[in-house]
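Dear colleague,

Please find the structure below.

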Amino acid sequence: MRFTSNNQTEYLRKDMNSMQKYLTLADGTTFTGVAFGATHALAAGEVVFNTGMTGYQEAITDPSYTNQLLTFTYPLIGTYGINLHQNQAPKASCQAVIIRHLDAEITHHDYQQSLNDFLAAEQIPGISGIDTRALTKHIRVNGTMQAILSNEPVAATDFASLYKVLAKQLDKQPCLEQESFHPLHADYHVVLLDFGIKHAIIQQLLKQNCSVTVLPYQTDFETIAALNPDGIFVSNGPDDPTAYPNSLPLLQQLEHHYPVAGICLGHQLLALANGAKTYALPFGHRGQNHPVKLLASGHTIMTSQNHGYAVDAASVAQTDLKITAVEGNDNTVEGLAHKALPVISVQYHPEANPGPLDGQIFFQEFKQLMAKEVLQHA
Ligand SMILES: NC(=O)CC[C@H](N)C(=O)O
């Protein structure tokens, strides 16, 4: 099957003095489009789709997309440019950006750079003129798959060997050193284990009047304890959660000493540390309108999500955890709490960025767990 460029692509080609680019999926499906960003760069990785109508910048700079080729179902991308302080990490780590139409006419009072220039500076290739809805439907039917973005069509027989050459080893980039953030007045001190953190999580903790010390996820228990935290936060991050077996003993130890909260990868790792299992979803949840039912109140909230793995509900029953929230679309696990310890986690992104802030209450719940613990030991 081959999806060819259409009139709009022809227009862009003239407009941008452009160069043709090819997206080849592992099953041989090929899409032809126009290069932008780092136009000559090649890329290989898993193609994942995001259904948000806005928020391309936050998604592109979310480290959880590391080494993935990110496509957007919303057709107009780049319309409001890039505003550098909205970045979720110091550098963008997705492999490539696949879009329908790159908007050359940027309108936003705050914009500092075009998406095209931003991706060129970040050395990330883009391809526009792609029917991203057809691509997404293809992935929804056939499952998440590997793909190559290249300057020449890739023959089916060459796919596997070329993919091997191009696919990067997962470049997990947590902070290399300790970093601290302070609100004007701090009620509590939180140690945040960085597996690939989004900046919005730090901002939400500051908003709760918590000072935050960000530490690389490989930090040992003694170093963390020496900082005398009131609570531990486990961040989001890239990859399969089972790729971090060395972190599980640390999380088990931390749970017995401090209130602990986790988001997305952090949630999955806390589940694994307590004996539950995780599995790969057929095509992931990535967007800003994912309904989540909170089981305690029966309320459904709208959430921002970005994950390809989930916690296996049946395996939770064998542990000391209980399910606190489920997805409205497919009933998968969206929240967990420990039955005896002050440990809570969510699969969705309560810090949003992009997306709705319905889930912000999670940060208040974490603060309440710290308050309770501090009172008990007063
Ligand atoms: N946003 C995240 O933390 C993603 C977690 C994990 N990498 C997944 O895809 O499921």
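A residue is called buried if 20 or more other C-beta atoms, placed from the backbone, lie within 10 Å of its own, exposed if 12 or fewer do, and partly exposed in between. The model is predicted, so local features need pLDDT of at least 70 and side-chain atom pairs count only at pLDDT 80 or more, while totals for chains, interfaces and linings use all residues. Residues are numbered from 1 along each chain as its sequence is written.

The unreviewed UniProt entry lists C264, H349 and E351 under "active site"; such annotations may be inferred rather than shown by experiment, and the positions follow the numbering used here, with feature names shortened. These residues are spread over 88 residues of sequence, yet they cluster in space, with a largest C-alpha distance of 11.0 Å.

H349 is in the loop between β20 (343-346) and α11 (361-376), where strands (E, at least two residues) and helices (H or I, at least four) are DSSP runs numbered from the N terminus. E351 lies in the loop between β20 and α11.

Why do H349 and E351 count as buried? H349 has 28 C-beta neighbours inside 10 Å, and E351 has 26 other C-beta atoms within 10 Å.

Contact means that the C-beta atoms of two residues, placed from the backbone, lie within 7 Å. Leaving aside neighbours within four places in sequence, H349 is in contact with residues including C264 and T303, and E351 with K198, A200, I201 and Q204.

Yours sincerely
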